[in-house]
Amino acid sequence: MELVRMLEAKEKLDEESLKKASLTREEARKLFHESAALIRAIIDIKECEAGTVKLKEPDIETRKKIDDAKRWIGFLKSVGKKSGDI
C-alpha cells in the first residue's frame, strides 16, 4: 500500500501542475497521459491487493502458437539427439 500512496501523491502533483502550471499543449498532453497511467497503475495494484484481478484466458490463436512452439521445441530436441549420435 506504500506504493499506492506514493503513486497517488505523484498523481496529485501532476493534477495540480495541469491546473496551475503554464504548460505548452504538448507538455500538458504528456502530463495528462502520465497522470492517466498512474491512475491505471493505482487501480491495478488495488485490485491485486483485493484479489479481484481476473486473468485473461488465452484465445485460440495464442493457444495454437504455444502448441506449435512446443512441437518445434520437441522436434529440435529430437533432431539434436539424433545428430549427436552421428
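How much accessible surface does the chain have, and what share of it belongs to carbon and sulfur atoms? The accessible surface comes to about 7,600 Å², and 60% of it belongs to carbon and sulfur atoms, with areas taken from the Shrake-Rupley method with a 1.4 Å probe and, for residues, only the protein chains shown counting as cover. This is a predicted model, in which local features need pLDDT of at least 70 and side-chain atom pairs count only at pLDDT 80 or more, while totals for chains, interfaces and linings use all residues. Residues are numbered from 1 along each chain as its sequence is written, and side-chain values use heavy atoms, with hydrogens and water left out.

Along the sequence the chain follows the pattern α-α-α, and its secondary structure amounts to 3 helices and 0 strands, where helices (H or I, at least four residues) and strands (E, at least two) are DSSP runs numbered from the N terminus. Of the 86 residues in the chain, 9% are buried, that is, under 20% relative accessible area, with exposed meaning over 50% and partly exposed in between (1.4 Å probe, protein chains only).

Helix 1 (residues 2-20) packs with helix 2 (residues 25-50) at an angle of about 155°, their axes lying 9 Å apart; axes are lines fitted to C-alpha atoms, for helices over the stretch in contact, and angles run from 0 to 180 degrees between N-to-C directions. The two helices are therefore roughly antiparallel, a term for angles over 145 degrees.

Turning to helix 3 (residues 60-85), Phe75 lies within this helix and, because its relative accessibility is 47%, counts as partly exposed.

Methods:
Parallel < 35°, antiparallel > 145°, perpendicular 65-115°, else oblique.
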